[in-house]
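Good morning. I will talk through one structure today, beginning with the chain and ending with a few rings.

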Amino acid sequence: MRHSVIPGSSGLVRPMRLLGDPVLHAPCRPVTAFDGALTQLIEDLYATMYAAHGVGLAANQVGLPLRVFVYDCPDDEDRRHLGHVVNPRLVEADGVTVTGPEGCLSLPGIEAGTRRFDHAVVEGADRTGEPVRVEGTGFFARCLQHEMDHLDGRVFTDRLRGLRRHRALRAARRAPWAS
């Protein structure tokens, strides 16, 4: 029996910002008010992420340049990780690097092999300002690094080089959602 509210159940699905939107390419501002508006934003992020069938979503992907992201992501052992981080800092990204398939809700339908560390640790706060530390390995570590990139004004294609980058950006230019 569930004793807590389902994340996103009181949220609204917001329009997704797509590759090329300036808000995706600029660093986000720290959250300064831990209030009802932040709680509603987090609920909206969950609702939007679930509607788009994603595993993570940063605030700038819905047009708000604030340092907050949500996630509902499995790791390589299929353990579910569910939560949010406000004003996160990537404090560790280490271990072996793995090139694996990566996509993004802001580049729908585009996927490319992207190098990421197999271990990551993010520290920040929850919606009330209490400290949180999130540690991930495998696919979940990839998710944490991906969302941190968003908050720093980068998308995964910025990490690609050579033919992979060329193919991903060409596919994005040709995508039905491209402007």
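How much of the protein chain do buried residues make up? Of its 179 residues, 45% are buried, where buried means under 20% relative accessible area, exposed over 50% and partly exposed in between, with a 1.4 Å probe and protein chains only.

A word on sources. This is a predicted model, where local features need pLDDT of at least 70 and side-chain atom pairs pLDDT 80 or more, while totals for chains, interfaces and linings use all residues. Residues are numbered from 1 along each chain as its sequence is written, and side-chain values use heavy atoms, leaving out hydrogens and water.

The chain has three helices and five strands, in the order α-β-β-β-β-β-α-α. These are DSSP runs, numbered from the N terminus: helices are H or I with at least four residues, strands E with at least two.

Now the rings. The structure holds three aromatic pairs. Rings of Phe, Tyr and Trp (its six-membered ring) pair if their centres lie within 6.5 Å; planes under 30 degrees apart are stacked, over 60 edge-to-face, and the rest tilted. Phenylalanine 69 and tyrosine 71 have ring centres 6.1 Å apart and planes at 50°, so this pair is tilted.

Tyrosine 71 also pairs with phenylalanine 140, again tilted, at 5.2 Å centre to centre and 50° between the planes. Tyrosine 71 sits in strand S2 (residues 68-74) and phenylalanine 140 in helix H2 (residues 138-151), so the pair ties together parts 69 residues apart in sequence.

Phe69, Tyr71 and Phe140 form one aromatic cluster. Phenylalanine 69 is buried at 0% relative accessible area, tyrosine 71 is buried at 6%, and phenylalanine 140 is buried at 0%.
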